[in-house]
Amino acid sequence: MPAQAALAIAVLLLVLLASACARQPAKAPGTGHALTGTTPTPTPTSTPPPTRTPPPTPARALSARQLAGQRVIFGYRGLTPPTRLLSLISHGQVAGVIFFADNISSPTQLRAVARKLQRAAASPDNPVRAPLLLMVDQEGGRVRRLPGAPLLSERAIGDSADPPAAATRAGRDAGRNLRDIGLNVNLSPVLDVFRKQGNFDDRFGRSYSTDAQQVAVLGANFIRSQQRERVAATAKHFPGLGSADKTQNTDEGPVILPTSRDSLAAVDELPFKSAISARVKLVMVSWAIYPSLDPGLPAGLSSTVVQGRLREALGFKGVTVSDGIQADALDAFGTIGHRAELAAGAGMDLLICAKSKSSVTVGLTAMKGLEDAYLDGRLDRAAFRASVQRVIDLRKSLRN
């Protein structure tokens, strides 16, 4: 073959080869996948899996001591949380902390304390990866632990020109006040329907009205608007202290309220039904005795009241919380540890252990009573874990 012909054939072959390569789909650099307009399927080693925050440990994974601690609200004396309390928190043995006037010098000081407590709760040694419950009684009027909102008492709200609007503002402003400081639970509103002027509730302006329907409406307004601010509300004091006279105070001694079962259902429980419909997160049960419901036990120690009325009759599925475990109304019911066992057995999820000369010790004593009763089988273990899970779920729901 002449040299010119061979050269021409070679050039033609090169042109044809280049044209064929040009028609092949391009490849993404370093992927080995054609860019055909669709996302390539990555190979198992192409990208590492995303890092995810582990979910909070469920109740069934906690030790007996941690389970017991998840049912206790601790308090302390003075302006600085003690080291002992911080250690308990960091090891998953505390559900929350309650603050009183002697814990607070200013919003700035309390804000720093709240951050310190939540940092302890974020310790890697704490399996419950959820915010602590940081709570206070911020009802309004004379019952306020913090400066600022809500300024009006419940009675003043009920007597105002537009009570529903005033209750809504009070709940919103209370929620914003607490949230700004770093607190996430308000032990409010009081839903007692007071019977007489100047009685236990009315003398401090702690009841909206003598009209159960108005209490129901105003309480629900407060609850909804506060909880929209990501601060949990607490309806109290179930099934109602509205019939207590001015000298009947469960902090100071036994209180017996001979209100009929029908009156309790029609009047006192009505606002709590409304609160439950408004999705209130906590209900506080009183230490008074209601003979028409249970002739021998304070409400917070009575499964008839807590389980039978609040849970079954009214359908409450949230967290139950006690009044202070050291109340003089419970003097006939033994030690702090025994009271804690009785309350837990009745269905109280959280026990407030505060307002004493050694509040941390009181909380530890309650925790030990719960732990021993759990391990010995005096408290049903499945019910115990279910109670703790409700508390953990509440804490998770308050994560900002």
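A pocket is found on a 1 Å grid over the protein atoms alone: it is an open set of points where a 1.4 Å probe fits, with protein on both sides within 12 Å along at least five of seven lines, and its lining residues have an atom within 4 Å of a point. The model is predicted, and local features need pLDDT of at least 70, side-chain atom pairs count only at pLDDT 80 or more, and totals for chains, interfaces and linings use all residues. Residues are numbered from 1 along each chain as its sequence is written, and side-chain values use heavy atoms, with hydrogens and water left out.

**Largest pocket**

- The largest pocket is lined by 25 residues, and those nearest its centre are Phe-100, Arg-145, Arg-206, Asp-251 and Asp-323.
- Its volume is about 680 Å³, where a volume is the space filled by probe spheres set on grid points joined across faces, edges and corners.
- Strands β7 and β9 (319–324) each supply at least two residues of this lining; strands (E, at least two residues) and helices (H or I, at least four) are DSSP runs, numbered from the N terminus.
- The lining of the largest pocket has 11 nonpolar, five polar and nine charged residues.
- In these classes Ala, Val, Leu, Ile, Met, Phe, Trp, Tyr, Cys and Pro count as nonpolar, Asp, Glu, Lys and Arg as charged, and the others, Gly among them, as polar.

**Second largest pocket**

- The second largest pocket has a volume of about 250 Å³.
- Of the 13 residues that line the second largest pocket, Gln-118, Gly-182, Asn-184, Leu-398 and Asn-400 lie nearest its centre.
- The elements giving two or more residues to this lining are α4 (107–121) and α6 (163–181), and α4 provides the largest share, three residues.
- By class, the lining of the second largest pocket has five nonpolar, four polar and four charged residues.

**Aromatic pairs**

- Three aromatic pairs are found in the whole structure; rings of Phe, Tyr and Trp (its six-membered ring) pair if their centres lie within 6.5 Å, and planes under 30 degrees apart count as stacked, over 60 as edge-to-face and the rest as tilted.
- One of them joins Tyr-76 and Phe-99 edge-to-face, at 6.3 Å centre to centre and 90° between the planes.
- That pair links distant parts of the chain, 23 residues apart: Tyr-76 is in the loop between β1 (72–74) and α3 (83–90), and Phe-99 is in strand β2 (residues 96–99).
- Both Tyr-76 and Phe-99 are buried, where buried means under 20% relative accessible area (1.4 Å probe, protein chains only).
- Phe-238 and Phe-272 have ring centres 5.2 Å apart and planes at 90°, so this pair is edge-to-face.
- Phe-238 in strand β7 and Phe-272 in helix α9 are 34 residues apart.
- Phe-238 has a relative accessible area of 0%, and Phe-272 also has 0%.

**Charges over rings**

- Arg-71 lies over the face of Phe-384, at 4.5 Å from the ring centre; a charge sits over a ring if NZ of Lys or CZ of Arg is within 6 Å of the ring centre and within 35 degrees of the ring normal.
- Arg-381 lies over the face of Tyr-374, at 5.1 Å from the ring centre.

- Helix α9 (residues 270–277) has Pro-271, Phe-272, Ser-274, Ala-275 and Ile-276 buried.
- These buried residues pack against α7 (212–227), β7 (232–238), α8 (261–268), β8 (282–285) and α10 (303–313), with contact meaning heavy atoms within 4.5 Å.
- Arg-279, which follows α9, has a positive phi near 65°.
- In α3, Leu-85, Leu-86, Leu-88, Ile-89 and Ser-90 are buried, and the buried residues of α3 pack against β1, β2, α4 and α12 (359–376).

Technical notes:
Buried < 20%, exposed > 50% of the residue type's maximum accessible area, 1.4 Å probe, protein only.
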